[in-house]
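Please read it with the sequence and the structure in view.

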Amino acid sequence: MLVMIAENDGLHRTFARRTVEQLWPGDVEVIEASDGEDAISLATEREPPHVVLDLQMPKATGIEVAKAIWNRRAGTHILFWSNFADEAYVRGVARIVPPGSVYGYVLKSATEEGMRSALRGVFRDGHCIIDREIRGIQHRVQDKFEGITDGEYESLIDIALGLTDRAIAARRGLSIRGAQSRIKHVYDKLGIVPAEDGASDASVFNSRTRAIYLAMARGLINIDALRREQDRLDAWLAQAPPQR
């Protein structure tokens, strides 16, 4: 049994190795990566069928590592192991999981027995094991009244990256009115009333800036998500026709 542990924190990496080796004594080989680039390189070389993967690592995020692994071998069982329950990570994972793949998402605040149960469930039994807090976020994302749709999330990201309504419309294949309508839906779900709708606090808050703050406070977006999206934006700008 070959297991790769990709974790930049040495203490957490040692804990994960010890837990895996205690679960399968004498029957497991553990290989380690301390950053995202090393993880992708090692996974390409050894093709481990089982991976413990931190979501926040230098050089490449856990989501980027998982995408690279699943692109090569969709049957790899991955246990995401993170300090964070940000909605940005939950969405990021959901976007890259191949149909029928086995994965787990457990928080580092879980007990040692919780970690053992997740490892057994994902690696041995082939079950998807999702932390209760993460399941709650998944349900919120799917709630059509509370959750931000994928289209609205794209608009929120575009706002955070500083794009104008016209640029958002061009990037997403919308009319300007359609782009503005999506942004309005984002404001509604974040509880923001724009100045043109008669907000009493319009002189206090800029709607776009307020939306970015509330989204970050809720975990809808984070620095890892923005860095990934900036890369995508750069690629689009390199191909997009000039805007008048």
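Helices (H or I, at least four residues) and strands (E, at least two) are DSSP runs, numbered from the N terminus. This is a predicted model, in which local features need pLDDT of at least 70 and side-chain atom pairs count only at pLDDT 80 or more, while totals for chains, interfaces and linings use all residues. Residues are numbered from 1 along each chain as its sequence is written, and side-chain values use heavy atoms, with hydrogens and water left out.

**Cavities**

- Rolling a probe the size of a water molecule over the atoms shows where empty space is left.
- On a 1 Å grid over the protein atoms alone, a cavity is a set of points where a 1.4 Å probe fits but cannot get out; a pocket is an open set with protein on both sides within 12 Å along at least five of seven lines; and lining residues have an atom within 4 Å of a point.
- Grid points are joined across faces, edges and corners, and a volume is the space filled by probe spheres set on the points.
- The structure holds two cavities of 30 Å³ or more.
- The largest cavity has a volume of about 50 Å³, and its lining consists of Ala43, Thr44, Glu47, Pro48, Ile69, Arg72, Arg73 and Thr76.
- Helices α2 (36-46) and α3 (62-72) each supply at least two residues of the lining of the largest cavity.
- In the classes used here, Ala, Val, Leu, Ile, Met, Phe, Trp, Tyr, Cys and Pro count as nonpolar, Asp, Glu, Lys and Arg as charged, and the others, Gly among them, as polar.
- The lining of the largest cavity comprises three nonpolar, two polar and three charged residues.
- The second largest cavity has a volume of about 30 Å³ and is lined by Ile40, Ala43, Thr44, Val65, Ala68, Ile69 and Arg72.
- To the lining of the second largest cavity, α2 and α3 each supply at least two residues, and the largest share, four residues, comes from α3.
- Five nonpolar residues, one polar and one charged make up the lining of the second largest cavity.

**The largest pocket**

- The largest pocket contains about 200 Å³ of space.
- Its lining has 14 residues, of which Ile63, Arg95, Ile96, Arg228 and Arg232 lie nearest the centre of the pocket.
- At least two lining residues of the largest pocket come from each of α3, α4 (87-96), α7 (150-160) and α11 (223-239), and α4 gives the most, with five residues.
- Six nonpolar, one polar and seven charged residues form the lining of the largest pocket.

**Helix α1 with helix α5**

- Axes are lines fitted to C-alpha atoms, for helices over the stretch in contact, and angles run from 0 to 180 degrees between N-to-C directions.
- Helix α1 (residues 10-23) packs against helix α5 (residues 112-124) at an angle of about 60°, and their axes are 10 Å apart.
- This angle makes α1 oblique to α5, since angles under 35 degrees count as roughly parallel, over 145 as roughly antiparallel, 65 to 115 as roughly perpendicular and the rest as oblique.
- Contact (heavy atoms within 4.5 Å) joins Phe15, Arg18, Thr19, Val20, Gln22 and Leu23 in α1 to Glu112, Met115, Arg116, Leu119 and Arg120 in α5.
- The contact of α1 with α5 involves five nonpolar, two polar and four charged residues.

**Helix α7 with helix α10**

- Helix α7 and helix α10 (residues 207-218) pack at an angle of about 115°, with their axes 9 Å apart.
- The two helices α7 and α10 are therefore roughly perpendicular to each other.
- From α7, Leu156, Ile159 and Ala160 meet Arg208, Ala211, Ile212 and Ala215 in α10.
- The contact of α7 with α10 has six nonpolar residues, no polar ones and one charged.

**Helix α4 with helix α6**

- The angle between α4 and helix α6 (residues 132-142) is about 75°, and their axes lie 10 Å apart.
- Helices α4 and α6 are therefore roughly perpendicular to each other.
- Glu87, Val90 and Arg91 of α4 make the contact with Ile134, Ile137, Gln138, Arg140 and Val141 of α6.
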